[in-house]
Structure formats: structure tokens, C-alpha cells
Amino acid sequence: MSKVLLSFAAVTLLFSCTYMEKEVPISEQDRILADSLHIERSAISGIRTLTTAPLHVLGEDAGLEFEYHPKAEKYERTRKKLQSAGYLLFKSEENYGNLPDQYALIKSKDQFDIIKLKCTAAPNYDISNDSLLIRLHDWHKRYSLEILGAGSDWFEARIAHIPTAELEGFAREIHAFCPDIAEEGVGNVEDLVQELKDTKTLYLWWD
């Protein structure tokens with residue numbers, strides 16, 4: 001084999017070793033939890049690349065939950081890997097810096113199961129979980145939402161693409177559906193337009 005090929009093989013091997021996620025061994029307690037929730041142990045191993053915090057049962061055996069301080073790139077890489085294996089990793093409780101946020105893992109390929117599981121709604125605005133789901137399905141059809149997290153009165157989603165010509169109309173639609181987002185959050189509708197343009201992220205909550 002030529003020196004060039006040997007050098008190429010060495011670089012390829014080094015690259016693979018550098019960027020390949022190592023499988024993390026899991027404890028007996030984690031194995032028992034995984035088996036009881038019918039979650040593959042490899043998925044638990046994926047979570048263990050992120051945190052050593054205790055894992056707890058989410059809801060009525062819906063999945064698992066844990067405290068986590070995310071490191072953006074590593075978290076996103078693991079989230080995508082788990083998603084390709086049929087799992088959804090998402091923020092399940094927002095504590096605004098007072099306590100660690102909670103994250104959860106469920107076995108599902110339907111991202112709207114996150115909204116259903118967390119029973120996200122806004123009763124003060126007559127928005128039920130069902131009506132919220134209808135609205136989110138509509139926005140997803142138009143702008144390709146990717147749900148990143150949800151709680152009882154909030155949700156966060158990434159927006160793949162918003163045509164510039166539709167930004168203002170969409171911002172006004174959001175404001176009508178969730179006035180708190182502008183009045184207690186980013187400011188006015190114009191600020192919301194800029195926020196959507198800059199971040200491509202939708203974060204809604206209701207008091």
C-alpha cells in the first residue's frame with residue numbers, strides 16, 4: 001500500500017475515533033427502568049452521554065425524565081440520533097434558572113405526542129389541548145415546525161422556513177393566539193417579527 005493511501009487511512013481512522021459517539025455503559029438501575037418502560041437500553045445509553053442525573057418515570061409510564069443543563073451541540077447531536085431511532089428527546093419543564101430544567105425521553109415518531117403528553121393548553125384563553133394541536137398542525141403544514149419542548153402552559157418549536165412576505169402576517173397571527181408572547185415577552189408585534197426572522201424559533205406561553 002502506498003504512503004498516500006496509508007496516510008489517508010490513518011486520517012480517516014483518527015476522524016472516526018474523534019467524532020464517533022462512544023456508547024456509555026448503563027447501571028443495573030437504568031437497565032431495570034429501561035425494561036419496565038420498554039425503552040431500548042441503547043436509548044438510555046444515549047441519555048447517559050448527556051447526564052449522570054437520576055432518571056425518573058415520566059407520567060404514567062410514558063417515558064423518563066431527568067434534570068439537565070444542556071450543552072447545545074452535544075444535546076442536539078444526541079437528540080437527532082435518538083430521533084432516528086424512534087425516540088423524542090425534549091425539554092419537559094422550564095424553571096427559568098431557579099432550578100435545573102427537566103428533559104424527557106419518550107418512544108414515539110410523532111412529535112405532536114409531546115403536546116398531548118404534556119396536556120399543553122391555555123384555559124384562560126379558551127385554548128384546549130385539542131385546539132392547540134389543530135393550530136400547531138396548521139403551522140407545521142405551512143412552516144415545518146420541529147417541537148423542542150412543552151409544558152402545561154408553554155411550548156417551544158423550531159421553524160424551518162418562513163417566507164419574508166409572510167413574517168408580519170404570521171407574527172400577528174401568533175399575537176392574536178398568544179398575546180402574552182408580545183406583551184410580556186419580546187415587546188410588540190414588530191419586535192416579534194424581528195425575533196422570528198433572527199431565531200426561527202417559536203416560544204409561546206400563557207398566564
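Helices (H or I, at least four residues) and strands (E, at least two) are DSSP runs, numbered from the N terminus. The model is predicted: local features need pLDDT of at least 70, side-chain atom pairs count only at pLDDT 80 or more, and totals for chains, interfaces and linings use all residues. Residues are numbered from 1 along each chain as its sequence is written, and side-chain values use heavy atoms, with hydrogens and water left out.

**The whole protein**

Of its 207 residues, 43% are buried, where buried means under 20% relative accessible area, exposed over 50% and partly exposed in between (1.4 Å probe, protein chains only).

**Helix 2**

Select Q29, which lies in helix 2 (residues 28-36). Q29 is exposed, because its relative accessible area is 62%.

**Helices 6 and 7**

Select residues 129-143 (helix 6) and residues 167-177 (helix 7), which pack at an angle of about 170° with their axes 13 Å apart. Helix 6 is therefore roughly antiparallel to helix 7. Axes are lines fitted to C-alpha atoms, for helices over the stretch in contact, and angles run from 0 to 180 degrees between N-to-C directions; angles under 35 degrees count as roughly parallel, over 145 as roughly antiparallel, 65 to 115 as roughly perpendicular and the rest as oblique.

Show the side chains of the contact (heavy atoms within 4.5 Å): L132, R135, D138, W139, R142 and Y143 from helix 6, with F170, E173, I174 and F177 from helix 7. This contact has 6 nonpolar, no polar and 4 charged residues. Ala, Val, Leu, Ile, Met, Phe, Trp, Tyr, Cys and Pro count as nonpolar, Asp, Glu, Lys and Arg as charged, and the others, Gly among them, as polar.

**The cavity**

On a 1 Å grid over the protein atoms alone, a cavity is a set of points where a 1.4 Å probe fits but cannot get out, and its lining residues have an atom within 4 Å of a point. Grid points are joined across faces, edges and corners, and a volume is the space filled by probe spheres set on the points. The structure holds 1 cavity of 30 Å³ or more, and the largest cavity has a volume of about 60 Å³.

Select its lining: R79, Q83, Y87, L88, L89, Q111, I114, E146 and I147. Helix 4 (72-84), strand 3 (87-93) and strand 5 (145-150) each supply at least two lining residues, and strand 3 gives the most, with 3 residues. Coloured by class, the lining shows 5 nonpolar, 2 polar and 2 charged residues.

How values were computed
1 Å grid on protein atoms, 1.4 Å probe; cavity = no way out; pocket = protein on both sides within 12 Å on 5 of 7 lines; lining within 4 Å.
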